[in-house]
Amino acid sequence: MPKNRNTFSSLAAWRRRALTRVVHRVWRWMQNTGAVTAERPGRHRFGRIGPGTRLAFPQGTLFGEPWIHLGDHCIIGEQVTLTAGMLPDLDLGPDPVLRLGNGVVLGRGSHVVASRSVVFGDDVYCGPYVYVTSDNHSYDDPDQPVGRQWLRSAPVEIGPGSWLGTGAVVLPGARLGRNVVVAAGAVVRGEVPDHAVVAGAPARIVRRWDPTTGWQPPLRTPPPVPVPDGITPPQLAALAELDPETSGPGTLDVSADR
């Protein structure tokens, strides 16, 4: 290959690498600058946004913010939609419509659509692409397009400490108890008691906690071992590399490197 062609090829490769670094730096700057917090709400005027709460950039659709109350230390992922009311610029009255408790996590691409009361308790964790709504289409009239028929609406409540897996759907009228697990892709309606695991479409209870006998049916895997207080990241990495068949409790000297 001629020398000048090698030179031009190397120059082009260097320019592409330099441009990639610039694009990544600009994008990180946009993510930091475009995030919505209590100190930097931008054009959004939420009814409440607690300290430590952050809506990642880019945000999804947001409207009805005066009727949306966000608790403290919530994490709202990228492209998450939060709406109160069926349309923007409606007067929804004196009370909040959509409320997130403290420590709520909404994964990337999730949607929460509320024209009636939708309440998340404290420390509810949602995977990506979760859909929670107080509204559903009706199809009573067989002669009218479904999209033109009036919606059916009912309040939704998700109990504190619950976990909604990726792609879960929570429909109008659903009431989830405390520490409920919703499997990925499940479609939930109706009442779900405390400490239950639901799966399927429509969702059914597949496991429950009994105060006397524990989880029924029993869990198939042993509970994870908590990380000891004071352990450092290098010690944790060394622990992960140990052969579970030859190592046991006390094999790793966690007192080292402190």
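The legends below describe close-up views of one predicted model.

Residues are numbered from 1 along each chain as its sequence is written, and side-chain values use heavy atoms, with hydrogens and water left out. Because the model is predicted, local features need pLDDT of at least 70 and side-chain atom pairs count only at pLDDT 80 or more, while totals for chains, interfaces and linings use all residues.

**View 1. A tilted aromatic pair formed by tryptophan 27 and phenylalanine 57.**
A search of the whole structure finds two aromatic pairs. In the pair of tryptophan 27 and phenylalanine 57, the ring centres are 6.1 Å apart and the planes stand at 50°, a tilted arrangement. Rings of Phe, Tyr and Trp (its six-membered ring) pair if their centres lie within 6.5 Å; planes under 30 degrees apart count as stacked, over 60 as edge-to-face and the rest as tilted. The pair links distant parts of the chain, 30 residues apart: tryptophan 27 belongs to helix α1 (residues 3–34), and phenylalanine 57 to the loop between β3 (54–55) and β4 (62–63). Helices (H or I, at least four residues) and strands (E, at least two) are DSSP runs, numbered from the N terminus. Tryptophan 27 has a relative accessible area of 35% and is partly exposed; phenylalanine 57, at 22%, is also partly exposed. Buried means under 20% relative accessible area, exposed over 50%, and partly exposed in between (1.4 Å probe, protein chains only).

**View 2. An edge-to-face pair formed by tryptophan 209 and tryptophan 215.**
The ring centres of tryptophan 209 and tryptophan 215 are 5.6 Å apart and their planes are at 70°, so the pair is edge-to-face. Tryptophan 209 is partly exposed, at 41% relative accessibility. Tryptophan 215 is partly exposed as well, at 25%.

Proline 58 sits in the loop between β3 and β4. Proline 217 is part of the loop between β25 (214–216) and α2 (233–240).

**View 3. Positive phi values at histidine 73 and aspartate 89.**
Histidine 73, a residue other than glycine, has a positive phi near 55°. Its place is the loop between β5 (68–70) and β6 (75–76), and histidine 73 is exposed, with 55% relative accessibility. Aspartate 89, again a residue other than glycine, has phi near 65°. Aspartate 89 lies in the loop between β7 and β8 (98–100) and is exposed at 81% relative accessibility.

**View 4. Threonine 83 and the strands around β7.**
Threonine 83 is in strand β7 (residues 81–84). With a relative accessible area of 4%, threonine 83 is buried. Leaving aside residues up to four places away in sequence, threonine 83 touches Thr61, Phe63, Ile68, Leu98, Val112, Val113 and Ala114; contact means heavy atoms within 4.5 Å. Strand β7 pairs in the parallel sense with strand β10 (residues 111–114) over four bridges, and threonine 81 has histidine 111 in β10 as its bridge partner. Two strands pair if DSSP finds at least two bridges between them. Strand β10 in turn pairs in the parallel sense with strand β13 (residues 131–133) over three bridges. Valine 112 is opposite valine 132 in β13.

**View 5. An open sheet of seven strands.**
The strand order is β2-β5-β8-β11-β16-β19-β22, and the pairing is parallel. The edge strands β2 (48–49) and β22 (191–192) each pair on one side only. Within the sheet, β5 and β8 run parallel and are joined by three bridges; histidine 69 stands opposite arginine 99 in β8.

**View 6. Arginine 175 in strand β19 (residues 175–176).**
Arginine 175 is partly exposed, with a relative accessible area of 41%. Its contacts, not counting residues up to four places away in sequence, are Glu157, Gly190, Glu191 and Val192. The C-alpha atoms of arginine 175 and proline 193 are separated by 8.4 Å, and the two residues are 18 residues apart along the chain.
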